[in-house]
Every structure is written in C-alpha cells, then in structure tokens.
Amino acid sequence: MTLSVSPEVSTSARFDAAPPVLALDTSAGQCSVALRCGSSEAFRVAPMTQGHSRVLMGMIDAVMAELGCDGRAIAAVGYGSGPGSFTGLRVACGVAQGLALGWDCPVVAVDTPSALALQAALARDPQQAQPDDLIAVALDLRMHEFCCALFQAEAVLDAQGWPHPIGGLTLGPQSEALVRFASLGSSGETTTGMQSSGSDAPSRGGADGLWLAGDGFDVSEALRVWSVPLVKAGRRPLQAVQPDARAVARLAARGLMLGRGLDAADAAPFYLRDKVALDVTEQAALRAARSTTSASTSPATSASTSAAPSRGATR
C-alpha cells in the first residue's frame, strides 16, 4: 500500500507562546517550510524529490509575509539535518545557515527520525493511543539501504527532553530492517537488550502498541508486506510518511530552550555514510543483473506485464 502526499497547501494554527522559529525541511520526498511567530503558525509544503532549491526561498517569503514576521525577530532557524537525500540535506542546511547569519540568530539541527517520530506521535488516533506506545521509523536512504529507529511516543512528546531512539539508529539493507522490527512481534515484547538514552527500554510495544513512520515502509517490499496489518489497523498515519517542517519547528523551539542552538557557522548535515552513489563497477553489475532478469522473463509473463499499468521507477 503506497501512501501519497497531498499537494501544496497553506495552513495557519494557534498554539501556545514559543520563541519565533523558522523551520525548513528538504531531506526527503517533499519541500516544506514552517514559521512559528507570536501565537500563530504558517506552513507550506510541496511533494518533490528534486528541485527543492527552486521553491524553498519562495516558500520562506510566503510564510514570513503571511504572518507579517520580520527576520530580525526570528529566535532560531531549524532545519531537517538528516539522514536523507545528500543534495536535499545540503540545501536546507545551507539556506538555514545563510538566514541565521543574516538575522544573527542560532540554528537548531533536527534529525529526520526524531521529526517523523513526533509527527506519528501527534497523529495517533486518541482512541488507540497508549502511554507506552512505540514508534518505528524506516527511512529510504537509497542504494538499497534503510535507516531504522524505534522511539517511545511519550518521550518524543516530552517538552522537557530531546527524543532519543531506543538502541540508536541503524543503517542496512531491508533484511536487517525487517529483523529489527519483526523482533517486536505481536506478543508485545521489544528486542532483548535494547536500551534507550538515560533509561531502560520499554517492556511493551509490539503490534498492540506500535506505530509506523517514514517512507521505508513503501520502498522496501519486505517492510511493506510486514507492515500491512498495522496499516490496516490505522497505525501508519499519512502525516508521518514524509518529514514535515512543522515537526522540525516544534523540535527546534524545544531544542533552543534545551540549549541545542548552534552558531550558524557550525551548521552541518547529518550523514550515516560517506558513500552517496554506486561506483562504476557496481553500476555495471546492477545493469547486468537487470538484463539477466529481463532476458529470463517468459513470453507469457512479458505479455501480462506489458498489459499492466506502469508503476514507475523505485527510488
């Protein structure tokens, strides 16, 4: 089941008083900007995997104009620091750095798994949400690798602390991601030995207390199949498929109060790996594997495939 992202929208909402914060996210499959100023919030989002830099500044101008906020009033600029798209991370980081330098304010780096976990925690159905819920995050980092994390929902919502994934972040192929999440099982027990930052791992989770976030559950066939029962149970909120600048803004404001503000000169993307593309040999091997698969396809299979609608290339 593939969940789509809504087209570009603008929203304003009331919220409790907080430092004026501008937030940007271009780490994955959409470009979004959120501004919290005074007692209001303005938001812009558009789905895209490329070309973030062409629309980002226009979105920033739009939210600033909507709330009549002057850049000199901004207390901090938050940005989605990753992991995620190599180019996308550099776009948000670079723009946040430039704005913060011009406005003489700090930046706050917000990691993508924490932002998605907050989005899922806030989007839970009140009738299903429990204090000991867990949130499983899976991000497609391409090159057949996924970033996975597990969070306690209540810890993510705690305004007095910063979200910390249970057992840290992991990077690996879909087989490793599946092992990590499948170990939660339907019995409600978490993986043995997992520890959260500053506290023991929770004793409950599993299918009865598990929520999903991130696009890895779309891209990975193994994770997609495994997640079907949870999707059918309404435990994969549409609002938590792609990272959202509104979550980045909330966490940036929290981070500023917790002393996580950085000098603009220290802004940097968060990468889990140095390698960002297949080398020539690996590309040739991939093409050869695809050719072999294509050549071994039977005429009957080819005919049935050609009659089916195209699903497009997988990221």
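This is a predicted model: local features need pLDDT of at least 70, side-chain atom pairs count only at pLDDT 80 or more; totals for chains, interfaces and linings use all residues.
Let me start with helix α3 (residues 112-123) and helix α8 (residues 245-257), whose axes come within 9 Å and cross at roughly 110 degrees. Helices here are DSSP runs of H or I with at least four residues, strands are runs of E with at least two, and both are numbered from the N terminus. The axes are lines fitted to C-alpha atoms, for helices over the stretch in contact, and angles run from 0 to 180 degrees between N-to-C directions. The pair α3 and α8 is therefore described as roughly perpendicular. That label covers 65 to 115 degrees; under 35 degrees counts as roughly parallel, over 145 as roughly antiparallel, and the rest as oblique. On the α3 side the contact is formed by Ser114, Ala115, Leu118, Gln119 and Leu122, and on the α8 side by Ala247, Val248, Arg250, Leu251 and Arg254. Contact means heavy atoms within 4.5 Å. Of the residues in this contact, six are nonpolar, two polar and two charged. In this grouping Ala, Val, Leu, Ile, Met, Phe, Trp, Tyr, Cys and Pro are nonpolar, Asp, Glu, Lys and Arg are charged, and the others, Gly among them, are polar.

Residues are numbered from 1 along each chain as its sequence is written, and side-chain values use heavy atoms, with hydrogens and water left out.

Gln174, Ala177, Leu178, Phe181 and Ala182 of α5 meet Glu221, Ala222, Leu223 and Trp226 of α7. This contact divides into seven nonpolar residues, one polar and one charged.

I turn now to the strands. Strand β7 (residues 134-140) runs parallel to β12, joined by four bridges, and leucine 134 stands opposite leucine 210 of β12. Two strands pair if DSSP finds at least two bridges between them. In β12 (residues 210-213), Leu210 and Leu212 on one side and Trp211 and Ala213 on the other are all buried. Buried means under 20% relative accessible area, exposed over 50%, and partly exposed in between, with a 1.4 Å probe and protein chains only.

β7 also pairs with β8, in the antiparallel sense, over seven bridges; alanine 138 has cysteine 148 of β8 as its bridge partner. The hairpin of β7 and β8 has five residues between the strands, and arginine 142 takes a positive phi near 60 degrees there. Strand β8 (residues 146-152) has six of its seven residues buried. β8 pairs in turn with β9 (residues 170-172), antiparallel, over three bridges, with phenylalanine 146 opposite glycine 172.

How many disulfides are there? The count is zero, a disulfide being a pair of cysteine sulfur atoms within 2.5 Å. The sulfur of cysteine 148 is 6.6 Å from the closest cysteine sulfur, that of cysteine 147, and is therefore too far for a bond. Cysteine 147 counts as buried because its relative accessibility is 1%, and cysteine 148 is buried at 1% too.

Finally, valine 107 lies in strand β6 (residues 107-111) and is buried, at 0% relative accessibility. Tyrosine 79 is 28 residues away from valine 107 in sequence, yet 7.6 Å away in space, C-alpha to C-alpha.
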